[in-house]
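Dear colleague,

Please find below the structure that I am handing over to you. A summary of the findings follows it.

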Amino acid sequence: MNLPDLKKARIRTDKEVEYVYLDEHYQKLFAGQKYFLKTYGCQMNVHDSEEIAARLESLGFSKTDVLEEADIVILNTCAIRENAHDKLYGFLGRCKHLKKEKKDLIIGICGCMAQEENVVKEIMNKHQYIDIVFGTHNIYKLQDLIINKKEKQNIEVYSCEGDVYENISYKRDSKIKAWVNIQYGCDKFCTYCIVPYTRGKQRSRKSKEIIKEVEDLVKNGYKEVTLLGQNVNAYGKELKDEINFANLLEKVANTGIERIRFVTSHPWDFTDEMIEIIAKYDNIMPYIHLPLQSGSSRILKLMGRRYTKEEYLTLYHKIKETIPNVAITTDIIVGFPNETEEDFKETLEVVNACQFDSAFTFIYSPREGTPAAKIDDKIPMAVKEERLHKLNELINSYSLKANQKYLDKTVKVLIEGVSEKDSTKVFGYTETMKLVNVENASDKIGEIIDVKITDAKSFSLDGIYQ
Ligand code: 5AD
Ligand code: SF4
């Protein structure tokens, strides 16, 4: 195909990138055709999918939620745990079947699994029906990969570390709240985690660009931003002359956006300055996701987490004491290689001491290429499953207790849309990130309203607008 002049995108290194097709030349090329985009994994992937959707629409594709209607299927994958692999191949089976009927169907795989060498080899050898593979560093090439699709598979998974793209278009899922990347990748290399390998080293965006993005969102009526990164509070550390995360939070607060959230924070990078700034600004939400991973200092050391049980608890209490009504949630892994009953008991002790608002809990999953995967693990799966079950019961009891504190109180809720379970109600989140189903507020979508809490369950609240 003869390509017309291309618009070029700017990247932080001020190099120009080729192959970035921005809208107009190709807008009609796939008009009338549909895309089906499925996203696995974390918020980072959800936000990447907003970029992927914008790129597909720039070529003329429109969205469908029905797989059978699709002319192109893109699966944005996750690699954090092993079962992600099985889920993906289950779904790919359906795509392969569809392609038998629809010969021109384009099937694409991207995201963290596409950065795994063994997965790419497997796709090349065993899954020839997959047309396009692109990694987390190559989303900007999507239009090019589609336009130049050949008989052979199109594979783009090299990483261009150091580059940060600006001026990205997103098709945002919401008109009320938005994700804003502040950094890509992670330098922490926790021994169980594959993220530093699939997403590369930490690259922070320039604060000027982040603030510009938030200011545009404010102008466009957005009420909430969530600053996104694998390790947000290490923001800027690898850049010369860049502000730190606490100062960035302050600058974002000064844009006047009504609500600011941020995920995920690493306890090791959590500073007193951050705590003070979160406490000082009403538009920085009193909600912190602070992964514990384990309550045993011995396991934390093996995990490479850089803090002890005692240091975590000190930080936890400092946050609780300084930020009024703060909600703290966490991530916990059970069954790290050779975790003893004593180690696990310490995790339960920390959970009892912290009484988290809620927690994501996982059974350790060995990821090829990570240091922990090389440890000879003697703990049977049944033991790990029982630990997870015990931990979940404890976590859920504290979630209920935390939610019950809201009963009869009136809290501010940003209403996001119609409730999935009951169409007479709307749903939204409190400042502390509690999901509330609200009566009497159907005309309040997009607004922050006062809601009186009438019922509390482990995972949500009910309330009424008065
Ligand atoms: N096994 C189980 N859980 C993991 N996580 C990250 N890597 C693994 C793994 N190999 C969990 C951590 C992290 C969350 C996003 O996923 O708890 O905070
Ligand atoms: Fe993975 Fe640790 Fe980085 Fe989080 S901080 S993404 S757990 S390496």
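**The second largest pocket**

In this predicted model, 29 residues line the second largest pocket, and P324, N325, V326, Y406 and T432 lie nearest its centre. A pocket is an open set of points on a 1 Å grid over the protein atoms alone, where a 1.4 Å probe fits, with protein on both sides within 12 Å along at least five of seven lines; lining residues have an atom within 4 Å of a point. Its volume is about 660 Å³, meaning the space filled by probe spheres set on the points, which are joined across faces, edges and corners. The lining comprises 16 nonpolar, five polar and eight charged residues. Here Ala, Val, Leu, Ile, Met, Phe, Trp, Tyr, Cys and Pro count as nonpolar, Asp, Glu, Lys and Arg as charged, and the others, Gly among them, as polar.

At least two lining residues come from each of α8 (272-280), α10 (309-322), α11 (341-354), α12 (381-404) and β17 (410-418). Helices (H or I, at least four residues) and strands (E, at least two) are DSSP runs, numbered from the N terminus.

**Two of these helices**

The axes of α11 and α12 are 10 Å apart, at an angle of about 10°. Axes are lines fitted to C-alpha atoms, for helices over the stretch in contact, and angles run from 0 to 180 degrees between N-to-C directions. The two helices α11 and α12 are therefore roughly parallel (under 35 degrees).

**Conventions**

Residues are numbered from 1 along each chain as its sequence is written, and chains are lettered from A and ligands numbered from 1 in the order written. Local features need pLDDT of at least 70, side-chain atom pairs count only at pLDDT 80 or more, totals for chains, interfaces and linings use all residues, and side-chain values use heavy atoms, without hydrogens and water.

Terms used. Parallel < 35°, antiparallel > 145°, perpendicular 65-115°, else oblique.
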